[in-house]
Amino acid sequence: MEGKMIYAKLKNIKTYKGINKNLDKAIDFIIEKKYLNASFGKNIIEGDSIYFNCPEKPVTRENTDLELEYHKKYIDIHIVLEGEENIVYTPFEDCIETQSYNIEGDYGLVKGKAQVEFIMNPKNFLLFFPEEPHLALLKVDTPKEIKKIIFKVEI
């Protein structure tokens with residue numbers, strides 16, 4: 001399966017409405033910038049169907065043979081609020097599973113050579129569909145603390 005992920009300017013996110021009703025709600029929430037005063041941890045938009053995580057003081061790091069994660073139930077939308085990070089993607093078929101899928105946590109872990117790198121900053125967003133292995137919080141130049149949020153949208 002080819003990657004369908006979306007990497008685009010945040011100001012153009014509304015052009016991606018129409019894929020899924022939960023995704024439309026998340027996009028409206030993003031357009032209205034309602035995430036700007038988020039509290040750390042899980043911020044509920046609509047039960048377990050649409051929410052976003054705001055990690056406390058995440059720090060970017062070197063990619064020292066780290067594992068990529070994938071999901072089956074949720075779309076991930078990564079948005080950096082301050083600073084920048086690198087997120088890498090590798091097609092599922094080019095990976096080896098290292099931790100089988102956990103239904104409760106909606107994730108599995110794989111190893112694979114990074115094939116695409118996305119530089120994230122406050123001007124863009126990155127959306128991963130289920131079964132698109134990715135690894136976030138990688139350094140751009142040197143490891144730095146950043147501010148980011150990750151929307152989880154049930155599909």
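## Basis

The model is predicted: local features need pLDDT of at least 70, side-chain atom pairs count only at pLDDT 80 or more, and totals for chains, interfaces and linings use all residues. Residues are numbered from 1 along each chain as its sequence is written, and side-chain values use heavy atoms, without hydrogens and water.

## The sheet

Six strands form an open sheet in the order 1-10-5-12-3-2, with antiparallel pairing. Strands (E, at least two residues) and helices (H or I, at least four) are DSSP runs, numbered from the N terminus. Two strands pair if DSSP finds at least two bridges between them. Strand 1 (6–9) and strand 2 (41–46) are the edge strands, each pairing on one side only. On average, neighbouring strands are turned by 20° against each other, direction ignored. Axes here are lines fitted to C-alpha atoms, for helices over the stretch in contact; angles run from 0 to 180 degrees between N-to-C directions.

Helix 1 (residues 21–31) packs on the sheet. The helix touches strand 2, strand 3, strand 5 (74–82), strand 10 (124–128) and strand 12. Contact means heavy atoms within 4.5 Å. The direction of helix 1 makes about 155° with that of strand 12.

## Strands 3 and 12

Strand 3 (residues 50–54) and strand 12 (residues 147–154) run antiparallel, joined by four bridges. N53 stands opposite I150.

I149 also belongs to strand 12. I149 is buried, at 0% relative accessible area. Buried means under 20%, exposed over 50%, and partly exposed in between (1.4 Å probe, protein chains only). Beyond residues up to four places away in sequence, I149 touches Y35, F52, N53, C54, I77, H78, I79 and L81. The C-alpha atoms of I149 and N53 are separated by 5.6 Å, although the two are 96 residues apart along the chain.

## Aromatic pairs

There are 11 aromatic pairs. Rings of Phe, Tyr and Trp (its six-membered ring) pair if their centres lie within 6.5 Å; planes under 30 degrees apart are stacked, over 60 edge-to-face, and the rest tilted. Y16 and F125 pair edge-to-face, 6.0 Å centre to centre with 70° between the planes. Y16 is in the loop between strand 1 and helix 1, and F125 is in strand 10, 109 residues apart. Y16 is partly exposed at 27%, whereas F125 is buried at 1%.

F52 and F151 form a tilted pair, with 4.9 Å between centres and 35° between planes. F52 lies in strand 3 and F151 in strand 12, so this pair ties together parts 99 residues apart in sequence.
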